[in-house]
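Colleague: Before I set anything up, I would like to go through this model with you. Please show it first.

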Amino acid sequence: MAELTQNEKRLLADLEKEKTADATHLADLLEATPEAVVQWAHLAQDRGLVTVERIVAKEFVYTDEGKVYLQKGLPETQLLQDILPGTTLVDLQNHEAFRIGFGQLRKKGLVKVEGTSILKATGASTEAYELALKNPSATDTATTEIVKRGLLQETETVRYIISITTEGLAYAQAGLDLRGETGTLTHEQILTGEWKNLHLRRYDVTKLPKKAYPGKVHPYQRIIAEMREILLEMGFEELYGGIVQQSFWNFDALFQPQDHPAREMQDTFYLRENLPLPEGYEKVKAMHESGGETSSTGWGGVWKEEKAEQCVLRTHTTSVSIQHLAKNPTPPVKAFCVGRVYRRETIDPTHLAEFEQLEGIVMDEGVTFGNLLGILREFYHRMGFLSVRFKPSYYPYTEPSLDAEVYVEGLGWIEMGGAGVFREEVTAPLGINYPVLAWGLGVSRIAMLRLGLKDLRYLHQSDIAFLRETPVLRHTKGGV
Amino acid sequence: MAVITLPYKYLERLTRTDRKTILDKVALIGSDVERIEEDHADVEFFPDRPDLFSPEGVARAMRGYLGIETGLPSYPVKPSGISFTVDPKLADIRPVLGAAVIRGVEFDDESIQSIMSLQESLHWAVGRGRSKVAIGIHDLDTVKPPFHYVASPRSRKFVPLDYAKEMTMDEILEKHPKGRDYAKIVKDFPLFPLIVDDDDHVLSFPPIINGERTRVTIDTENILLDTTGTDRRAVGVAVNIICTAMAEAGAKIESVEIDGMQTPTLAPVERTVSVAECSRLLGVELTASSMASLLQKMRFGAEPVGADTVKVQVPCYRADIMHDWDLFEDVAIAYGYDRIQDLPPETFTVGKPHPVQVYAALAREAFCGLGYLEVMPFTLTNEDVLYRKMQRPEHPGVLRVMHPISIENTVVRTDLLPLLLEFLTLNRHRELPQRLFTVGDVVDSCLTYQQAAGVSIHRDADFSEAYASADAVLHELSIDYSVKESADQAFIEGRRADIIVAGKKAGVFGEIHPAVLNAFDLEHSVAAFEIDLRSVWGSAGTQDSS
């Protein structure tokens, strides 16, 4: 049995003497309200130490009208006394009890009207009602009617009779510690040593108080951080770049033809801003038009400077990695970038106009397509995805290209991202003379799987209850 | 992406094997199987392979991949004796014409459907919505050669496809559904492209609509293909893909004479590639003969020439082969991605986080220590949230996207606080106090940098809380700052201050103005602050776009 509260103990101490008592009486003894005493008694009752009996008593109280009739008699009684043989309606109409009394007499069938004469019924009597008025009883139908007529009011009073049980008596006789309890320890109590004499209140240790919510990093940010950590461990340098990019770096430097559908207004967010083309852009122009000095044919047609100068919200972080490579053409380069990218998509549960992309590049002498597969397998393994497979794909700036798929229990093979070796049309005009392995993935795809989200918007317009409830440590199995 | 319908019976007949064998392997040549139905499968192919946009093209590739028939497919072409004249006035309108005669066609409902959908897919992938290339297919036996590609007055009348009466070309642009869809390609020209026969019957008004006269039906036996456009290579590719697909279906291809040239030839293009370069790129040991046989599996003509060289004949329909590496990808596909040894490179480098992310992570740590919960709002928002509700003037460096998707997403955020207030609105029904923060990118014109902001909403949130919290974050990030009265209208006067770092404003804190609380439908006071993380020493936080 959990420790009794101080109040339960006090109650038991009094009941040890009283054995049985009304809650009101006990309340006087304990200097508390009867409600409080009943509450303590219920706690003690749950432990089997006392019993609580609830007694409901009905009482009748006279209304002002009822009090008058108690003295004078009910109006029908008064009227009935005055009805003699030969009494007419006119005789009665002046009687002060006529209005109510006559109605009652008619209703009860005690009189009848013949022509102008009023006749008493045989044995007509209002005695039962008079009796009910004088001595109301909850079981009497006449009383019920008197109550209905508003002459009496019925009230309920509840009493609690609290009695000590044999167990309670034994418990009380074994001795009760009735010293006062201390809640919060004060500064003085601690300093003066007074704490030694204190009886510290015990808590119900099973009961959780009001919840506390810690400050936390967003679960999505946590997944991003995990990916960053894996790449840093794998020796990659992190890049950071602007979300506003010139078309030149977002598309042209990546050998995306100027009439490519992805460059159209309906797929890309264009801005009014223009930026001047970087030095040496002519090589990119030549590559587009004729393949430059490589074995490529180029796209043909005329490459227009003004299209390349237009700024866009970056559609991929490749615009950042390609600039890093252009500035750092000496091998080796191993770099990655995580950042927001933009596509002009209608927003729905599985499509957002902005989302995080993670991208990695490796440039070195002698790196191969096989090495790219190796990096991807390693990365996904570290993310917890143990089964990884690759299949041919197409990206305008890589050749060969591939898509990576991972196996997720219950969902099957899920496409995770694309990869490939940068085309020579991309690297040659920027003076990059070694193969560049590049790969990207949608971070939100993994977040959705891991956090069990059905709607991507939830990552960015979160209910904070979700953030409060998602624990910092989430055990994952098979990557999710 | 192009989703191609592959009817099993037709595909099995053309591929000469069963559907299961085909469907099991079709993804390995570069596709996604979208749906498997009772009588057909819908398979998505990549836009660089328009030659796979028909059952005939898929069957051709799969015969090679499965080893049923490898090497270069041959498509003999003989002259039809039919010629076209091209009006020099078309030079600035739609100069390029390609054409071919396709004889002995045996159409049924399925194969008509297949050629029509190939035509549509090519319009999309090669033709850029018909602007670069538009394709017309006609019943050759309804018209009389020679044919004339002319620049016609816009008042010229003819009966367009699916209509019963004559219309002028201007009327077609206005009333015909195809006219309305594609009017923008031609409407600014004084004269319109038109193809007529020797009796001046209209075959086609490219790139808009054919004439009703030459409608192709199930009874059509001989086809005249016209392909017009602005890019010679793209027009040629479209002609080659349609002709070779029809040839796969059993038709005979004949050339026509345009400007004295016989076209099409359907001849392969030759490329000589290095085996060592391919081996180096893929990380696979190859010999000239193994590489040649892998290329043959992908339907190239390939012949080893010495130890390091393979002479390749690229079929005329492979528009995607621009560079030697395009061939190397086909070698990798034929070899099988799953057989390539996947070892990470040995390149030794040391991992290094970017300072901006390092400082962002430290800012997060400070906020969390103060009991703030991180949120990650969108970066696209609108002027109403950023400025009007905040009682702030528009930021001079605000960027407007030119074609926003909705009025909710018109600008890129220049500040974070308004988005945090929006978050509080979203979470009004949740238990207080709520303390939220965010760290992330904002823009000032073409410049991107990071800011950090926090809000605290509860009954007793006040200036002191804002100051104490801002001070804590600034202190943890070792930012040496001073404070002066602010004029920021988003806060209550006398309860707002600017953060000054190195003589420049680097943030603000205070108690949010009740009018702003009203604008965001918030019912309690809010202590708020925002810090420009460029003020962290050595953050290198600014990134120009150029």
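Colleague: What area is buried between chain A and chain B?
Modeller: This is a predicted model, and the totals for interfaces use all residues. The size of an interface is often given as the accessible area lost when the parts come together. Chain A puts 97 residues into the contact and chain B 85 residues. Carbon and sulfur atoms give 59% of the buried area, which is about 7,900 Å².

Colleague: Which residue of chain A meets Asp342(B) in a salt bridge?
Modeller: Across the interface of chain A and chain B, eight salt bridges are found. One of the side-chain pairs that meet in a salt bridge has an N to O distance of 2.1 Å, and it joins Asp342(B) to Arg377(A).

Colleague: How far apart are the C-alpha centres of domain 1 and domain 2 of chain A?
Modeller: Chain A is divided into three parts: domain 1 (6-59 + 156-197), domain 2 (64-143) and domain 3 (220-469). For domain 1 and domain 2 of chain A, the distance between the C-alpha centres is 55 Å.

Colleague: Is Gly291(A) buried or exposed?
Modeller: Gly291(A) sits in the loop between α14 (281-290) and α15 (305-309) of chain A. Beyond its neighbours within four places in sequence, Gly291(A) touches Ala286(A), Ser296(A), Thr297(A) and Gly298(A). Buried means a relative accessible area under 20%. The value for Gly291(A) is 0%, so the residue is buried.

Colleague: How many residues of helix α16 of chain A are buried?
Modeller: Helix α16(A) covers residues 318-327 and is mostly covered. Among the buried residues are Thr318(A), Val320(A), Ile322(A) and Leu325(A). Of the ten residues in α16(A), the number buried is eight.

Colleague: Which strands stand at the edges of the open sheet of seven strands in chain B?
Modeller: The order in this sheet of chain B is β19-β23-β24-β28-β27-β26-β25, with mixed pairing. An edge strand here has a single partner strand, so one side of it is left without a neighbour in the sheet; in chain B this applies to β19 (373-374) and β25 (482-485).

Colleague: Which residue of β28(B) stands opposite Val508(B)?
Modeller: Strands β27 (504-512) and β28 (526-532) of chain B run antiparallel and are joined by five bridges. Opposite Val508(B), the residue in β28(B) is Glu530(B).

Colleague: At what angle to β28(B) does helix α14 of chain B run?
Modeller: Helix α14(B), residues 463-476, lies across several strands of chain B, including β23, β24 and β27. Relative to β28(B), the angle is about 30 degrees.

Terms used
Residues are numbered from 1 along each chain as its sequence is written. Chains are lettered from A and ligands numbered from 1 in the order in which they are written. This is a predicted model: local features need pLDDT of at least 70, side-chain atom pairs count only at pLDDT 80 or more; totals for chains, interfaces and linings use all residues. Side-chain values use heavy atoms; hydrogens and water are left out. Domain bounds come from an automatic or database domain assignment. Two strands pair if DSSP finds at least two bridges between them. Helices (H or I, at least four residues) and strands (E, at least two) are DSSP runs, numbered from the N terminus. Contact means heavy atoms within 4.5 Å. Axes are lines fitted to C-alpha atoms, for helices over the stretch in contact, and angles run from 0 to 180 degrees between N-to-C directions. Buried means under 20% relative accessible area, exposed over 50%, partly exposed in between (1.4 Å probe, protein chains only). Buried area is the accessible area (1.4 Å probe) that two parts lose on being put together, summed over both. A salt bridge is a side-chain nitrogen of Lys or Arg within 4 Å of a carboxyl oxygen of Asp or Glu.
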